[in-house]
Amino acid sequence: MENVTHHIPDSQEENQFTIATIYIIVVLMVGLVMNAAALFSILCIRSGRRRTTPLVIMTSLLICDFTALVVYMARRVARDFLISFGNNFFCNVFGSTNIFFSLLSGLFAMLLAIERYCAIAVPFQYRNHFNLNTTVVICFALTVAAVMISVLPILGIGSYVDEDMMQNLTSCRLFWKPREPPLYTIHFLIYYGAAFTLTTLVVCCNLGLTSQLVSLRRKVADLTQGQHVSRGREIKFVWTVMVITFAFLLCWVPWMVSLALCKFGVTNSPYIVTRAAWLLLLNHALDPCIFLLSRHGRRLRRLYNRNLPDTSAETTVGVSLVVALTRPK
């Protein structure tokens, strides 16, 4: 994330630059294709279908990721043009866009995880509170929050420019250091707090979702008195959730750890932060996989919209969901 000049041999520096360039180009192109394909599936192929809460959140996430990759690519192509307006201008554009899109993507993923969990754990409360209007308002509020956090350094609360570097170098940073001014620390606490919260909620909701599925299936087993109930659909759904959780952690945990290590003075190596930033960029390309992997769960979504009897309340809903998951194909 930080352009830093090291005293290393020219050949080694050139090799590192080549690897970084190839990796970034591949992630950008693959991410653009996958996000575009997923958006096309939602907006064109499924345009005649009724909009649902998870579809609105998933669409918001895909639009965020697609826009992020387009902006990153345009920013890379127009690098020299942006630098012509000054080092501070370039670094503000570079830093604010990185913070905004990565944070907003994570917040939408968090909202999607919460929605998934509530739909199964508390289905009746879910139907009352997770409606389209509420979802749109929440998505807008998360977008405003991401904008505010990303522009704080531009307003003087933090900085995207590395003042410690040599003069006449365009050096931008996205990590914090020990013994910085209080306003820099405030920005670190706000950003890190938001990132830590969304990461924790995604993991807890996905783990809670698998726990609810196991618990509900046991109720089905008791009611059917041990009759032949296939576990294939349940296992597939649980594995899907686990893959999504692992992919999310792979992208976010190294970034969070590297920021903490730099802030508390354990390391000041930009190499670690740069590699972690590469994984964070990968998150924009992996998010469409959530849509592709979740397509087999459409039977679950249909059950949410059915008019269920008032008796047996959540047990009836829970059993219906697990029966749908465990029904043989």
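Which helix is Val-26 found in?

Guide: Happy to. Val-26 sits in helix H1, residues 10-45; helices here are DSSP runs of H or I with at least four residues, strands are E runs of at least two, and both are numbered from the N terminus. Please keep in mind that this is a predicted model, where local features need pLDDT of at least 70 and side-chain atom pairs pLDDT 80 or more, while totals for chains, interfaces and linings use all residues. Residues are numbered from 1 along each chain as its sequence is written, and side-chain values use heavy atoms, without hydrogens or water.

Val-26 counts as partly exposed because its relative accessibility is 44% (buried is under 20%, exposed over 50%, partly exposed in between, with a 1.4 Å probe and protein chains only). Together with Ile-22 and Val-30, Val-26 forms a nonpolar surface patch with about 240 Å² of accessible area. The areas come from the Shrake-Rupley method with a 1.4 Å probe, and for residues only the protein chains shown count as cover.

The largest nonpolar core has 67 residues, and Tyr-191, Trp-252 and Trp-255 have the most contacts inside it; a core is a set of buried Ala, Val, Leu, Ile, Met, Phe, Trp, Tyr and Cys residues joined through side-chain atoms within 4.5 Å. H1 is among the helices that each supply at least two residues of this core, but the largest share, 17 residues, comes from H4. Trp-252 touches several residues, including Leu-103, Tyr-191 and Leu-280, where contact means heavy atoms within 4.5 Å.

H4 itself is mostly covered, with 28 of its 35 residues buried.

Leu-213 belongs to helix H7 and counts as buried because its relative accessibility is 2%. Between Leu-213 and Ile-120, 93 residues apart in sequence, the C-alpha distance is 8.0 Å.

Overall, the protein has 11 helices and 0 strands, and 45% of its 329 residues are buried.

Notes. Patch = residues over 30% accessible without salt bridge, like charges linked within 9 Å, V, L, I, M, F, W, Y side chains within 5 Å. Salt bridge = Lys/Arg side-chain N within 4 Å of Asp/Glu carboxyl O. Lists of a residue's contacts leave out its neighbours within four places in sequence.
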